[in-house]
Amino acid sequence: MSEVALPASLEEVYAIRKREPGAAVLAGGTDLLVRMRADGKKPPVLIGLERIPGLSGIAIQDGVVRIGPMVTHQNLLDSPVIRKHLAVMHEAAQVLGSPPVRHMGTIGGNICTASPAGDLLPALYVLDAEVEISSPAKKRVVPIATFITGPGRTILTGQEILTGIRIPVPDPGYQGFYRKVGQRRALAISIVSMAALLMVSPDKTVRSARFAWGSVGPVVMRFPDVESSFAGRTFGPALLADVGRQYSERIRPISDIRASASYRKMVAAGLPLKILEQ
Amino acid sequence: MKKLHDAHGATGIPDEKGEGHFHTKSDLPVPVGSDLFRADAYGKVTGRERYAADEYPAGLVYAGVVRSPHPHARILAIDTTGALACPGVIAVLTGGDIRGTNRTGLPEMDQPVLADTKVRFTGDPVVLVVAEDRELLRQAMAAVKVTYEPLPAVFDPDSALAKGAPVLHENRKEGNLLFSGVIAKGDADFAFSECAAVREGIFSLPRQEHAYLETETGVAKVDGDGVLEMIVSTQSPFRDSREIAAALGIPPEKVRVIAPYLGGAFGGKDGITVQGHLGLAALHSGGRPVKIWNSREESFVSSTKRHPGRVSLKLGCTKDGTLHALSCRLIFDTGAYAGLGGPVAVYGMGHAAGVYRVAHSRVEGMNVYTNNPPSGAFRGFGIPQVIAALEQVVDMLAESIGMDPLEFRLKNAIRVGDETGLGIRMSNSADIVTCLEKARDHPLWTGRDEWIRQAPDYKRRGVGIATGVLGIGYGPVIPDIASAKLELLTDGRFRIYAGVADMGQGNNSANIHIAGDVLCQSPDRFELVQPDTFRCLNSSSSAASRTTYSYGNALILAAGVLKERILDKVAQLHPLFRRENLILVPGAVRHTPDGSDIALHTIAEAMQEADRVATATWTAPVNRQQLAVAPDVKMYGFPHLAYTFTTHLTRVEIDEITGAVAVDAYLAWTDAGRIMNPHVYEQQIQGGVIQGMGYALWEDFRVTEGAVVTKNLSTYILPTSMDVPDILSVPVETYEESGPFGMKGVGEIGIVAALPCIANAVAGAIGFRVCDAPLTPERILTALRRAA
């Protein structure tokens, strides 16, 4: 059995980790506990973060939404701020896991697990989210795309811990979409996922389009050069089909137990069209 | 759908001993045919009902099995010294420690409790370890050293039958061929030349995992009298007790098996799972109780699956649409051990003509050993595989001659008295015709073209139908016998000693319904004893849609006997009462001329104990038609006497972007005789259909080179409540003369037609057939792209 610590401050977290370098940070546990069971390895201490003030809560200030890493997926769903300002994230949380998973799992856990299939990640990428990293020595803020370096890998080192997520509120002209394909309608790990932010003029001219793709590479993928090519074009099925075609050529999916690489490419080619489905 | 709170009664609260004492707010008898709230419902939803997994007796120790990492290997050496030296180890046992035959299985006793000379699949049990707790057990199991010499292995039936293929069971003269047989009528080969149209299909059917909530588990101990007592999650306690005794070398009367409610089974616990290991561990634990409870992963590796296989089916008809010739060839992969592979193949073969009259037929079946995980019984028992092929080819043939698929079926459907395509005379209840007619007249069928036309962008729609048939009971040779036992308790209540395990289908709750009806007693006057080989009478396995059919018949007889004894006793006690003026009423016997009641407890106190216990045995009638088949085909269950029938209809919508099939609506018209309990009937149909949908669309238990690839519920995809629509079950009632209250078993018929029904709808939507099931999004999309 592992010892479970429930510190009330970051300082306590640092102290425990100093004492037990093998301690694991528990931010919900929907991934960590599964992995511990699968590997049969139990860290000496599990550090639960739920009692630390400042790691929970959703606030909006100066055009930036700040989300505590211990905010659960259900908290995101229940938040008027998220629904109003970050619709793409609201949609992603809706299709993440199942009700028990959404009540247990957290945004911080989803980020630090760094799975290319993590459902919040494409939304965070497309929103240009940044994350706050704290350690006894300092605090730093980096873009999400810098934070995650590979499947299951982040830049966290030593005593560092994720302490916040900052998301600039997009221009209200943007509409957000999250579309995901899994093996079934719930409790499904994404085979291909796509977050989109679109700004379209009343005359259907695309002013700005951003896309981030999950489960089609080692990390969530965005291609600024592709995104910029859509501005000025007319929004509609033809454009969305072209978006799919372009991304389908750029993504680098692998074959795994859930889907082949070729299926992922076929699905990606059509996925933008699902923006038209309400 | 009917709401459960409309049902009679409300709560069934088990007593403190968990003995299954049953209360209900209803103090009136609930006649068979109307809803009765399940006796097990309250205890299960409140967590008070104890499953085998819930048993933690004092002094408990744990046992675990070290399994083979190779699909086929000779065991060169087993070194247990390291494990024995581990802390908390109680025993480390090998095949050499077993005093009995070390073999289990039915009808073929070919599966070792622990491997002796070699292993035949990845996961074959080799060493059994018993330790103080689960962590110490894990450490000791890791310290067991087994040296193997890997042998060449075979992973598909075709390779296994090839000349020179490695042989799994060297003592078998047929090599890897477990079973082969033929059922034929007329001259099918010639008859095809007389057909106006012939269509053929080759269908690949996947392994399916039972995925019951409660994985294989039990506790066992040897008591002071040397009796090995086991509480275990099993469908077949009586057969298990004999198998355990023979395999471990102990007298059968020294083995007691108790089967509490199971947390699901679906055929996967029809026979030995952990029982051999539990018994062996208990014989070496110094009298302490031993527990085994498989993890989900171990369950996936070690438990049987639905037989994967290939069914090639050819069907021909004359110009007017009369079916004329059928040929079917099925080949199943039974894995490393026979299990129920022979009977499964025969059940499949015996249903290859479905619900149809066909003049000429030839059905060949084979079941083949491979170094894959063992296959076994699973709801439908070989029949879903064969109906999957037949019902798709029926659609193809109807299309070829330009007939509506439903009218085509109706034209060829059997009626009572007809001879089926396999020569079986339909002597008992059979009403597939009404099932089909109701489907034909349903708005979802009559309005299908309009619905299909309204498909949104990037979607294609299809509407499919299929029929199914399933014989109930064991067939003409293996006796299907049930023995009921019913006791009038001295407090005036009744106790039913269930002889058949209840794996969740509600058969033991149905016992209260049946006995209550015969004895005119309310449900709250009954308690249930779950199957216990020392207290209950052998009524065989919970299988073959025969649980309530057989035990119910026996219970009606036993209740009738007890009723007569009660009334006789009252007539004896009250010489002025005329026997014919006495009737049973709830809690009493009433003298009808003056309305006076004599309480049942008063009567019970006056009766001798032997008089208060009534038993009765019922043997199922069998089909005595003399059909020209080999003795083993007959023994394994061909032909049946009574059959259940169904017609399914579904609407599906296919996503052109992902290939996903969404089931939009699903209906099932079913002839399972008379309905005893409408809501339990509906649960069985819905459960069967959903499991069939899983088989059709998602569930694909993958094995590569003998090793399980879909190791857990994250990769083996079961449907969730989000994936299935409401399922409408419409009973088409008949009266089955051999069944209790006219019923036929309804546990399996729901699953048999789901795959072809969905496949037919999908084929209608996309214009061609995907013959490899399940019809996963990837398979559909790949086929769509290829077709484009």
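Let's start with one pair of residues: A73(B) stands opposite V119(B), which belongs to β6(B). Strand β2 of chain B, residues 73–79, pairs with β6(B) in the antiparallel sense over two bridges. (Strands, labelled E, have at least two residues and helices, H or I, at least four; both are DSSP runs numbered from the N terminus, and two strands pair if DSSP finds at least two bridges between them.) Step back and you'll see an open sheet of three strands in chain B, ordered β6-β2-β8 with antiparallel pairing. Its edge strands are β6 (118–119) and β8 (145–150), each pairing on one side only.

A word on what you're looking at: this is a predicted model, in which local features need pLDDT of at least 70 and side-chain atom pairs count only at pLDDT 80 or more, while totals for chains, interfaces and linings use all residues. Residues are numbered from 1 along each chain as its sequence is written, chains are lettered from A and ligands numbered from 1 in the order in which they are written, and side-chain values use heavy atoms, leaving out hydrogens and water.

Now for the rest of chain B. It is divided into domain 1 (4–49 + 480–619), domain 2 (61–151 + 216–293) and domain 3 (305–475 + 626–787), with bounds that come from an automatic or database domain assignment. The C-alpha centres of domains 1 and 2 of chain B lie 37 Å apart. Where these two domains of chain B meet, 22 residues of domain 1 are in contact with 23 residues of domain 2 (contact means heavy atoms within 4.5 Å). Together they bury about 1,700 Å², with 61% of it on carbon and sulfur atoms; buried area is the accessible area, taken with a 1.4 Å probe, that two parts lose on being put together, summed over both. On the domain 1 side, M503(B), T533(B) and F534(B) supply 36% of the area buried against domain 2, more than any other three residues.

The rule finds one salt bridge across this interface of domains 1 and 2 of chain B (a side-chain nitrogen of Lys or Arg within 4 Å of a carboxyl oxygen of Asp or Glu). D532(B) forms a salt bridge with R256(B), and their closest N and O atoms are 2.6 Å apart.

Over in chain A, the assignment gives domain 1 (3–48), domain 2 (58–168) and domain 3 (174–276). The C-alpha centres of domains 1 and 2 of chain A are 19 Å apart. These two domains of chain A bury about 1,100 Å² between them, 63% of it on carbon and sulfur atoms. The salt-bridge count between domains 1 and 2 of chain A is zero. On the domain 1 side that touches domain 2, α1 (10–19), β2 (24–26) and α2 (32–39) of chain A each supply at least two residues, and α1(A) gives the most, with five residues.

Finally, look at where the two chains meet. The contact takes 21 residues from chain A and 26 residues from chain B. About 2,000 Å² is buried between chain A and chain B, and carbon and sulfur atoms give 54% of that. In chain A, R184(A), R185(A) and I257(A) lose the most area to chain B, together 32% of what that side buries. Three salt bridges are counted between chain A and chain B. K274(A) and D655(B) meet through their side chains in a salt bridge (2.3 Å, N to O). Helix α12 of chain A, residues 261–270, gives the most to the side of chain A that touches chain B, with four residues.
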